Amino acid sequence: MNNKLSAGFLSHLPITRAVLNDKERVLLAVLKGQVKNRSEATKLLSIRSTTISDYVAELLAVRLLTEEPSERAGRGRPALALGVNANRVVTIVFQVISQSVHTFMVNLSAQIIAHEKIEAAPDSDNAALEAIFLQLYKTVIVQLPSGAKLAGIVCSLAGVFDRTTYRWIHSSRWPRMNNLDIRNIFRNEKYNISLSRTLDNELLMHLIQQDESTLLLHWGYGVGFAFGQSGDKIVEGGYAFGEIGHWHIPGQDAPCHCGQKGCLETVAALWSIGHSILGNDFQAGDDEENIATALATKDLSASPVMQQAVNQMATAASNVCRVFFPKKLVISGPFMKNAWVWQVFCKNFEQQNSFFGQKTQQLTMSHISRDLAVYGAAIPVLEQGLVELLSDAT
């Protein structure tokens with residue numbers, strides 16, 4: 001699915017939990033554009049018109065819905081059109097993108113209504129990153145729309161973190177950062193704070209589009225994966241999950257940012273092989289999308305460094321598939337934009353993709369846009385904000 005189609009796919013909040021009652025059905029029908037007025041809601045939802053009117057009145061009272069005269073078509077009084085007040089519930093999402101920290105404000109219509117970013121130097125420590133998070137928060141919070149409910153703050157992180165203690169333990173982008181207490185950054189704020197993995201958020205978007213067991217493998221500055229089984233929640237590690245970039249590779253002893261030696265990332269990640277394969281076209285900390293552009297036109301077929309990286313990544317992908325046996329393997333990251341890399345990876349993976357006749361049925365390249373991954377982080381918090389407002393609509 002290309003980015004244009006993906007953007008159209010998410011023009012509203014896709015509720016991932018069970019709908020609890022008819023009032024929610026009314027709201028969601030309006031949100032999804034299925035009904036435009038009370039009469040259409042009565043017919044579509046098979047609910048009595050008087051009951052529909054009661055629900056609409058309650059949703060208007062908490063300002064989740066709007067009702068205004070539509071354009072007149074012919075004689076008579078114009079009909080009243082229902083709409084969703086998309087900015088009634090918003091959330092703030094922090095996300096690490098390459099060497100920068102970004103913050104986004106997202107509403108119920110999948111719109112990013114505010115966006116700020118600050119680059120963090122590779123030698124940034126806890127104090128430097130905490131200052132960046134706080135500065136971004138102060139810059140974006142003043143852009144909160146009038147009358148909006150801020151449902152919470154989400155920190156969508158890469159690397160290793162502990163959801164139970166709110167500590168960001170390690171990131172290969174900033175080796176000097178260690179055990180950063182995310183909740184302490186916002187200690188003076190009353191909003192709910194949550195941590196999520198960027199890969200989990202991207203995977204959620206894949207599962208919303210096609211609900212089947214999926215393994216998402218990211219190959220870029222770091223190497224990691226996320227897994228979701230059809231009908232179940234995404235597998236989320238309370239401490240760490242999917243860190244295959246730090247698997248030990250036999251015969252390798254190069255130092256890794258994690259403090260060990262011979263990790264997969266030392267022979268495959270951008271931070272370790274970027275200069276070898278791109279020379280001066282690689283700048284540490286450059287955006288992965290920019291690096292993808294440079295990689296796309298580069299002839300890498302004669303590079304022993306790249307050949308080793310592709311071989312090791314294909315083996316790693318095959319090994320993980322033997323753990324989870326997904327129906328679908330999705331690869332994301334800048335390396336796959338190079339046609340030769342993609343071709344060799346697919347060939348090597350297919351050679352190993354068999355276990356007593358069982359195979360991963362689909363191997364695809366991820367086309368989830370960055371904005372959609374941000375929205376994946378926002379969905380659970382926006383849903384909770386909706387639940388709270390709906391409970392008040394009585």
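## Residue classes and the model

Ala, Val, Leu, Ile, Met, Phe, Trp, Tyr, Cys and Pro count here as nonpolar, Asp, Glu, Lys and Arg as charged, and the others, Gly among them, as polar. The structure described is a predicted model.

## Largest pocket

The largest pocket has a volume of about 940 Å³. Its lining is made up of 42 residues, and those nearest the centre are Glu202, His218, Glu288, Ser332 and Gly333. Several elements give two or more residues to this lining: the strands β3 (89-97), β12 (223-228) and β13 (328-332), together with the helices α7 (198-209), α10 (288-296) and α13 (370-392).

By class, the lining of the largest pocket holds 18 polar, 15 nonpolar and 9 charged residues. Glu202 and Glu288, both among the residues nearest the centre, belong to the charged class because Glu is counted there.

## Second largest pocket

For the second largest pocket the volume is about 790 Å³. It is lined by 25 residues, of which Thr16, Leu204, Lys233, Ile234 and Pro380 are the closest to its centre. Strand β10 (193-197) and the helices α7 and α13 each give two or more residues to this lining. Helices α7 and α13 also give two or more residues to the lining of the largest pocket.

The lining of the second largest pocket divides into 11 nonpolar, 8 charged and 6 polar residues.

## Aromatic pairs

The structure contains 13 aromatic pairs. Trp168 and Trp174 are both buried. The two residues also belong to a cluster linked by ring pairs, in which the other members are Phe94, Phe133, Tyr137 and Phe186.

Another pair is formed by Phe225 and Phe324, whose ring centres lie 5.6 Å apart. Their planes stand at 65°, and planes over 60 degrees apart count as edge-to-face, so this pair falls in that class. Phe225 is in strand β12 and Phe324 in helix α11 (residues 304-324), so the contact ties together parts that are 99 residues apart in sequence. Strand β12 is also one of the elements that give two or more residues to the lining of the largest pocket.

Terms used: Residues are numbered from 1 along each chain as its sequence is written. This is a predicted model: local features need pLDDT of at least 70, side-chain atom pairs count only at pLDDT 80 or more; totals for chains, interfaces and linings use all residues. Side-chain values use heavy atoms; hydrogens and water are left out. On a 1 Å grid over the protein atoms alone, a cavity is a set of points where a 1.4 Å probe fits but cannot get out, and a pocket is an open set with protein on both sides within 12 Å along at least five of seven lines; lining residues have an atom within 4 Å of a point. Grid points are joined across faces, edges and corners, and a volume is the space filled by probe spheres set on the points. Helices (H or I, at least four residues) and strands (E, at least two) are DSSP runs, numbered from the N terminus. Rings of Phe, Tyr and Trp (its six-membered ring) pair if their centres lie within 6.5 Å; planes under 30 degrees apart count as stacked, over 60 as edge-to-face and the rest as tilted. Buried means under 20% relative accessible area, exposed over 50%, partly exposed in between (1.4 Å probe, protein chains only).
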